[in-house]
Amino acid sequence: MKKVLVIGSGISGLTTAIECASRNIHVTMVSPFPSERAQSVLAAGGINAALDHKDEGDSIESHIEDTLKGGCFIAGREAVTGLCKTAPEILAWLEHLGTVFSRTAEGKIDQRAFGGQSHRRTCYCGASTGKQIVTALVMEARRYEGLGLIKRLLWTDFHSGLIRDGVCYGARLFNEGTRRLEDVTADAVVIATGGQNALFGKTTGSTQCDGYTAGKLFMQGAELKNLEFIQYHPTTILTGQKKMLISEAARGEDGRLYYEEGGKRVYFMEEKYGEKGNLMPRDVVSRTMYELHKPVFLDVSFLGKKKILERIPEIYDICMKYRGIDISKESIPVEPSVHFFMGGLAVNLNHETNIKNLYAVGECASIYHGANRLGGNSLLAAVYSGRTAAKAIADSSNMNYTPTDNMSSENNASIIRCFAESLAKDQKKLEDGYKTSSSFSVMHVRKLLADLMQERLGIARSETELRKGIDEVTFLLENVDKIHFNASEMPYFNYSVGGILALAKATLIAAESRKESRGAHVRTDYPETNDEFRASTILTYNNGSITTRLDIEGNYER
């Protein structure tokens, strides 16, 4: 029986595990927390599928074109076509598993308008779509757990890949209970760890998604892609802990953005882009708000309290709980915030990286969204990518790389010795980390990183600021071994800082290398879109050196 290791337990990880288990593949799921605490639960707005329920004339072809256009035509057509064509089937599958979608009076799945889309095709569960999908997937995963096909390793963190000569044999994991490292071999490893929110501190996402896994695998030879494309969601509210998302569902219900001037409201998006201006793509709305340099508000009060509580109750609750704002009477003060990462591990159509037997799914994989993601496509991509990777793993007839499969093989014996030696070294390094002395603690460095990334890599960037950021992160990387590790902190925070810093540097280098403005990447010194850059950015790491190239041929998406 094939063995698969899934790192992460959100929607993409759960889907991968369920689909593998349904094919009689044994799955071990690794995560520091249960699925109910995954970032996927925060996904509020909905999931896209061309069902033709709300707007006559919607089609899969229209969904494809909207996705390609929203991503500024650097996502591969073949990849996007697969995503959009499978969407109706995915909706049916999620319903079958028990996802409770909002319905029309006729009993069909209801759909609302989301930014950048030509039709109302975003299916939703009130404003808690992610929570509903996670609940359904958890119940299905538990069924396979009962059958012995899915096993969970909770309170466990990724440390590094078991990689040699371009082949992945499993992963090295950190057990939070024993505070020790252990190696787990597998026929395939699937990374489902989400985006890199912790690079930017307060965002709309969970700081559990810190980018370390992608950064560490990058240092081990996995290529990264399109890191410069960081989506700012235009409507968030600031709280003491984080930026709270005001879902696009509010604007899908005809919410209006405005600023005040001379005692009057100026509905700037409608003035600039017409009747559907409030539902322009997220990069357009965020950039327009940024250029105003004025406080911006979102008004849904005209809907009335009854409709608000029926259609967007979670938004009402968030504003009342965290800011004391009754949105049936008052407007919401909103501002853009880092929300989604179009970049991540570079994968092909089967979601395999350039490392044999290493896959990536969900937000940590870069393939479908190009330069900017359409709202509602993230949940779709999370499910679709998990199903795609599982099918590829099951169909693979060339998965005989696990060291334990053939103990008599001299090559495998050598690999086992190599991993055993490095395991002992990594364990000693982990313990020696507490003996370092420095005025800078690891958490202080992470705070410094978040501040400089927010400053150097905001909505609008320039070469001057990006180069400053590269120099600043390089300095931190050069001194990473001198950072003071606090014994009261979980060791994960200590060993992960190097991978996080490497990912931060790669992100800044990617942004500096793209000398144009496209989608979510805006350069004040290169304000125009340049067709020479109509391709994805691929990043490679080699002994501390980071290089970029443009994937002109689109090799990863064919």
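Helices α13 and α14 are roughly antiparallel to each other, because their axes cross at roughly 170° and angles over 145 degrees count as roughly antiparallel. The structure is a predicted model, in which local features need pLDDT of at least 70 and side-chain atom pairs count only at pLDDT 80 or more, while totals for chains, interfaces and linings use all residues. Residues are numbered from 1 along each chain as its sequence is written, and side-chain values use heavy atoms, with hydrogens and water left out.

**Helix α13 with helix α14**

- Helix α13 spans residues 442–456 and helix α14 residues 463–478, and their axes come within 9 Å; axes are lines fitted to C-alpha atoms over the stretch in contact, with angles running from 0 to 180 degrees between N-to-C directions.
- The crossing of α13 and α14 is left-handed, a term used if the near helix is turned anticlockwise from the far one by less than a right angle.
- From α13, the residues V445, L449, L452, E455 and R456 meet E465, L466, K468, G469, E472, V473 and L476 of α14, where contact means heavy atoms within 4.5 Å.
- Six nonpolar, one polar and five charged residues make up this contact of α13 with α14, with Ala, Val, Leu, Ile, Met, Phe, Trp, Tyr, Cys and Pro counted as nonpolar, Asp, Glu, Lys and Arg as charged, and the others, Gly among them, as polar.

**Helix α3 with helix α4**

- Helix α3 (residues 77–97) packs against helix α4 (residues 129–146) at an angle of about 65°, and their axes lie 9 Å apart.
- This angle makes α3 roughly perpendicular to α4, a description that applies from 65 to 115 degrees.
- The crossing of α3 and α4 is left-handed, and W93, L94 and L97 in α3 meet I133, A136, L137 and E140 in α4.
- By class, the contact of α3 with α4 contains six nonpolar residues, no polar ones and one charged.

**Helix α5 with helix α15**

- Helix α5 (residues 212–219) and helix α15 (residues 491–513) pack at about 70°, with 7 Å between their axes.
- Helix α5 is accordingly roughly perpendicular to α15.
- On the α5 side the contact is made by Y212, G215, K216, F218 and M219, and on the α15 side the residues include Y492, Y495, I500 and L503.
- The contact of α5 with α15 divides into nine nonpolar, four polar and one charged residue.

**Cavities**

- There are two cavities of 30 Å³ or more, a cavity being a set of points, on a 1 Å grid over the protein atoms alone, where a 1.4 Å probe fits but cannot get out.
- The largest cavity has a volume of about 70 Å³, and its lining, formed by residues with an atom within 4 Å of a point, includes I230, Q231, Y232, D283, S286 and R287.
- Elements β12 (230–238) and α8 (282–292) each give two or more residues to the lining of the largest cavity, which has five nonpolar, four polar and two charged residues.
- The second largest cavity holds about 40 Å³ of space and is lined by T193, G194, G195, Q196, G211, A214, G344 and C364, of which two are nonpolar, six polar and none charged.

Terms used:
Helices (H or I, at least four residues) and strands (E, at least two) are DSSP runs, numbered from the N terminus. Angles under 35 degrees count as roughly parallel, over 145 as roughly antiparallel, 65 to 115 as roughly perpendicular and the rest as oblique. On a 1 Å grid over the protein atoms alone, a cavity is a set of points where a 1.4 Å probe fits but cannot get out, and a pocket is an open set with protein on both sides within 12 Å along at least five of seven lines; lining residues have an atom within 4 Å of a point. Grid points are joined across faces, edges and corners, and a volume is the space filled by probe spheres set on the points.
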